[in-house]
Every structure is written in C-alpha cells, then in structure tokens.
Amino acid sequence: MHFINFGFNFVVMFRSVRSGIKQTLLFAAIFLAVSVSYCFKYSFNEQDWLIWTNKCLLETYDPSGDAKLKKWELTVTSDNFIRFRKTYAKGKQEYYSFNLRQLNDMDYLGNTNTGTLQFKTVADDIIVQTKNDRKGDVDSMTTVLNVPVKNMEPERLDSLHQAMDYFKGKGL
C-alpha cells in the first residue's frame, strides 16, 4: 500500500528551506552591516587636531623645573604657529614662536614620567624674545625649542607627532 503524500512533504520541505534562506540572509545582512561600518573611519579635521594638540600640551607641560616661573602659555594657533611664553616672578618674560611649516623634527628625551620635547627647525626659524625690565629686550633666533613635559605616554607622543605632521603639511 502506497500513500500519496505530495502536498504535506512539499510544505514541510518548503518551510525548512525558506527558514534556512531567511537565516542565511539575516546573517549576511548583519555581516555586511558590520563590514561596512569598519570601512568608514572618523578622521580629525583641523579644529579637532588643534583642540587635541593644545589639550595635550596643556596637560603635559611641566613647569616644576623652573622655580621662579609665575605664569606660562603654550599653544598651537590656527595659523600653524607654536607660541610659548614664560613669565617670571620679577617681570622677566621669554617668548618663543615658530611656524610649523619650518618644523624639521620633533624628538623626545626622557621616560613616561618626565622628559623634554625638542622641536627642531632646519635653520634659525624659532624666534626668541627676552624682555627684562633691568636689561632691556633681546631678540634672537634658534633652531631648537626645548619644552619640559611630564606623563608623556608613548601613545600620546605618537599622536602629538601625527598632529605636528598634520599642521606642517597643512601649510604646504
């Protein structure tokens, strides 16, 4: 005796195939969405680099080695200049400034706790102005600006180097 059971087997088989296709499509859609999201990477724009660089310099500058230092300012400006001003207790001021297009290299001497950032230019491109009430004003030029820093982690140093490369390249 043979039973003819065409409709029932077809429905069961069709539902299991349809269910498998739905699962495969769902998996493929999720995989595609995740893959596409990793293709797009947020990149800093000029304002982001400027904010991050100034925050980094503000947090890592170490004035503790200069006991007579009363006030200091260390900034990267929107027109690609590094400006560093030190004001001492008796009115003496030191001011350093240079355009990042002139930056040849940035070195770091020290460890993660304390060290010195060295900004180097090819020629005497760093302006040094010293104002002293007793001795008058002295203007000169140099090729190296040493900035004492603290808590400079390797990742932060790498990121600061990327920022300097960005600003240096921006002016070209």
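I count two residues as in contact when heavy atoms lie within 4.5 Å. The model I am reading is predicted.

**Entry 1: D137**

I looked up D137 with that cut-off. Leaving out residues up to four places away in sequence, D137 touches T130, K131 and N132. D137 belongs to strand β7, residues 136–142. Is D137 buried or exposed? I find a relative accessible area of 56% for D137, so D137 is exposed, since exposed means over 50%. I also checked D137 against E94: they are 43 residues apart in sequence, and their C-alpha atoms are 9.9 Å apart in space.

**Entry 2: the sheet**

I traced the sheet that holds β7. I noted an open sheet of five strands in the order β1-β2-β3-β6-β7, with antiparallel pairing. Strands β1 (69–76) and β7 stand at the edges with a single partner strand each, so one side of each has no neighbour in the sheet. On average, neighbouring strands of this sheet are turned by 10° against each other, direction ignored. For background I wrote down that strands of a sheet pair through backbone hydrogen bonds, either parallel or antiparallel.

**Entry 3: β3 and its partners**

I went to β3 next. Strand β2 (residues 81–88) and strand β3 (residues 93–99) run antiparallel and are joined by seven bridges. Which residue of β3 is the bridge partner of T87? I found Q93 in that place. Further along, I82 stands opposite F98 in β3. The two strands form a hairpin with four residues between them, and G91 in the turn has a positive phi of about 95°.

I then looked at β6, residues 126–132, which runs antiparallel to β3 and is joined to β3 by five bridges. Here the bridge partner of E94 is T130 in β6; T130 is also one of the residues that D137 touches. I noted that six of the seven residues of β3 are buried, so β3 is largely enclosed by the rest of the structure.

**Entry 4: the core**

I listed the largest nonpolar core, which has 30 residues; I82, L117, F119, L145, V147 and M164 touch the most other members. Helix α3 (residues 154–170) gives the most to this core, with five residues.

**Entry 5: aromatic rings**

How many aromatic pairs are there? I count six.

Y166 is partly exposed, at a relative accessible area of 27%, whereas F167 counts as buried at 1%. I also noted a cluster in which ring pairs link Y61, W72, F84 and Y96.

**Entry 6: charges over rings**

I looked for charges over rings. The charged end of R83 sits over the ring of F81, 4.6 Å from its centre. K92 lies over the face of Y88, at 5.6 Å from the ring centre.

Definitions and conventions: Residues are numbered from 1 along each chain as its sequence is written. This is a predicted model: local features need pLDDT of at least 70, side-chain atom pairs count only at pLDDT 80 or more; totals for chains, interfaces and linings use all residues. Side-chain values use heavy atoms; hydrogens and water are left out. A nonpolar core is a set of buried Ala, Val, Leu, Ile, Met, Phe, Trp, Tyr and Cys residues joined through side-chain atoms within 4.5 Å. Buried means under 20% relative accessible area, exposed over 50%, partly exposed in between (1.4 Å probe, protein chains only). Two strands pair if DSSP finds at least two bridges between them. Axes are lines fitted to C-alpha atoms, for helices over the stretch in contact, and angles run from 0 to 180 degrees between N-to-C directions. Rings of Phe, Tyr and Trp (its six-membered ring) pair if their centres lie within 6.5 Å; planes under 30 degrees apart count as stacked, over 60 as edge-to-face and the rest as tilted. A charge sits over a ring if NZ of Lys or CZ of Arg is within 6 Å of the ring centre and within 35 degrees of the ring normal.
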